[in-house]
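This briefing is for a reader new to the structure.

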Amino acid sequence: FADGINYSTDASASFAQQINPLKIAQAGRLNKVRGAAAYKALSSGDYDVLVHPNYSTTVKNYLIFKKYTVSVEGYGAKYENFRTEKQKIVILNEGKEIIVQDK
């Protein structure tokens, strides 16, 4: 699954629902399924980033467990122009900032 992706939580849920351990575990499972969908979308082409992803989630509720199915749509992009940022040294001199650029 794709790491480093943060998903929003349900803002309409009450505080008691947000701290419910069962709901937290379900959200964790759903986030893993979303991460797997993002990984599958990125690996289908030679992409580095998924731009503007839209997740469609289907939940089938069985008596003992829930089955999550997630599909994702978005724009795949590849980043090729990697550059390093030059170091900046900021010196404070009596309230004035002096910025020295590293070579």
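Leaving aside neighbours within four places in sequence, Leu-30 is in contact (heavy atoms within 4.5 Å) with Thr-57, Tyr-68 and Val-70. The model is predicted: local features need pLDDT of at least 70, side-chain atom pairs count only at pLDDT 80 or more, and totals for chains, interfaces and linings use all residues. Residues are numbered from 1 along each chain as its sequence is written, and side-chain values use heavy atoms, with hydrogens and water left out.

**Core**
- Leu-30 also belongs to the largest nonpolar core, whose eight residues include Ala-37, Ala-38, Leu-42, Leu-50, Tyr-68, Val-70 and Val-72.
- A nonpolar core is a set of buried Ala, Val, Leu, Ile, Met, Phe, Trp, Tyr and Cys residues joined through side-chain atoms within 4.5 Å.
- Helix 2 (21-43) and strand 2 each supply at least two residues of this core, and helix 2 gives the most, with four.
- In soluble globular proteins, nonpolar side chains tend to be buried together.

**Overall build**
- The protein has two helices and four strands, in the order α-α-β-β-β-β from the N terminus.
- Helices (H or I, at least four residues) and strands (E, at least two) are DSSP runs, numbered from the N terminus.
- Of the 103 residues, 14% count as buried; buried means under 20% relative accessible area, exposed over 50%, and partly exposed in between (1.4 Å probe, protein chains only).
- Among contacts between residues at least 6 apart in sequence, 43% join residues at least 24 apart.
- The protein exposes about 9000 Å², of which carbon and sulfur atoms supply 54%; accessible areas come from the Shrake-Rupley method with a 1.4 Å probe, and for residues only the protein chains shown count as cover.

**Aromatic pairs**
- The structure holds two aromatic pairs; rings of Phe, Tyr and Trp (its six-membered ring) pair if their centres lie within 6.5 Å, and planes under 30 degrees apart count as stacked, over 60 as edge-to-face and the rest as tilted.
- Tyr-62 and Phe-65 form a tilted pair, 5.1 Å centre to centre with 35 degrees between the planes.
- The rings of Tyr-79 and Phe-82 have centres 4.7 Å apart and planes at 85 degrees, so this pair is edge-to-face.
- Tyr-79 is partly exposed at 43% relative accessible area, whereas Phe-82 counts as exposed at 63%.

**Around Tyr-62**
- Tyr-62 lies in the loop between strand 1 (49-61) and strand 2 (66-77).
- Tyr-62 is partly exposed, with a relative accessible area of 40%.
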